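Please open the model in a viewer and keep the selection panel at hand. The stops below proceed from the whole chain to individual side chains.

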Amino acid sequence: MDTSTTKWIPVPYFQINQEGAILYSSNITHSYFHPISNIWTIIHKEDRNKAIVMLSPSTNFDPVTKNLILQTRNGFFGNFKCTIQWKEGIGHLVCTEVKSSKVLTPLSVQSSLVTTQKRLEESEKTINKVVKILRMRKH
């Protein structure tokens with residue numbers, strides 16, 4: 001793809017190599033992300049496994065799409081729908097921001113409650129340890 005044309009693509013667009021090094025990006029990309037040399041620097045650690053599968057060149061020439069959490073220019077993380085297609089060892093990656101329209105399902109609520117309960121249990125253990133230490137110091 002001609003880079004003089006791709007610089008005007010109106011969404012974040014990256015050309016990457018197989019290691020994730022950014023070979024080229026569209027002008028609008030810098031409105032969303034800090035200038036970076038490797039795509040892996042903006043992928044949230046919890047989405048790395050998903051990204052490994054997505055960003056690995058395959059023998060299949062069909063585009064692959066996944067939602068990824070990416071670090072934006074302001075330092076926060078945002079949800080992006082990312083699609084990549086590989087051609088001749090070059091990945092053509094387009095990432096469009098997904099506005100937060102999270103639909104709560106009973107399963108997602110249950111999962112959130114279980115996670116919160118585990119955190120509370122860990123916090124309670126820590127507080128109990130601190131209380132024991134403080135009691136020992138009083139004596």
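**The whole chain**

Begin with the surface of the protein chain: its accessible area comes to about 10100 Å², and 57% of this belongs to carbon and sulfur atoms. The model is a predicted one. Colour it by confidence next. The mean pLDDT of the protein chain is 86, and 88% of the residues score at least 70. Among the elements, helix α1 (residues 3-6) has the lowest mean pLDDT, 69, whereas β1 has the highest, 95.

Now switch to a cartoon view. Four helices and five strands make up the elements of the protein chain, and from the N terminus on they follow the order α-β-β-α-α-β-β-β-α. Of the 139 residues, 24% count as buried. Among contacts between residues at least 6 apart in sequence, 35% join residues at least 24 apart.

**The nonpolar core**

Select the largest nonpolar core, which has 18 residues; those that touch the most other members are Phe-14, Ile-16, Ile-39, Leu-55, Leu-70, Cys-82 and Leu-93. Which elements give two or more residues to this core? They are β1 (13-16), α3 (48-55), β3 (64-71), β4 and β5 (90-97). Strand β4 provides the largest share, four residues.

Centre the view on Phe-14 and display its surroundings. Leaving aside residues up to four places away in sequence, Phe-14 touches Ile-22, Tyr-24, Ser-25, Thr-29, Phe-33, Ile-39, Ile-42, Gly-91, His-92, Leu-93 and Cys-95.

A pair of aromatic rings is described by the distance of the centres and the angle of the planes. The aromatic pairs number four. Take Tyr-32 and Phe-33: the ring centres lie 6.2 Å apart and the planes meet at 40 degrees, so this pair is tilted.

Phe-80 is buried, with a relative accessible area of 0%.

His-92, one of the residues touched by Phe-14, sits in strand β5. With a relative accessible area of 19%, His-92 counts as buried, because the cut-off is under 20%. Which side chain makes a polar contact with the side chain of His-92? That of Tyr-13 does, at 2.6 Å.

Gln-15 is located in strand β1 and is buried, with a relative accessible area of 9%. A polar contact of 3.0 Å joins the side chain of Gln-15 to that of Tyr-13. With these residues displayed, Tyr-13 can be seen in side-chain polar contact with His-92 and with Gln-15.

Conventions. Residues are numbered from 1 along each chain as its sequence is written. This is a predicted model: local features need pLDDT of at least 70, side-chain atom pairs count only at pLDDT 80 or more; totals for chains, interfaces and linings use all residues. Side-chain values use heavy atoms; hydrogens and water are left out. Buried means under 20% relative accessible area, exposed over 50%, partly exposed in between (1.4 Å probe, protein chains only). Contact means heavy atoms within 4.5 Å. Accessible areas come from the Shrake-Rupley method with a 1.4 Å probe; for residues, only the protein chains shown count as cover. Rings of Phe, Tyr and Trp (its six-membered ring) pair if their centres lie within 6.5 Å; planes under 30 degrees apart count as stacked, over 60 as edge-to-face and the rest as tilted. A nonpolar core is a set of buried Ala, Val, Leu, Ile, Met, Phe, Trp, Tyr and Cys residues joined through side-chain atoms within 4.5 Å. A polar contact is a pair of N or O atoms within 3.5 Å; within protein, one must be able to donate a hydrogen and the other to accept it, and residues adjacent in sequence count only if both atoms are side-chain atoms. pLDDT is the predictor's confidence in each residue, from 0 to 100.
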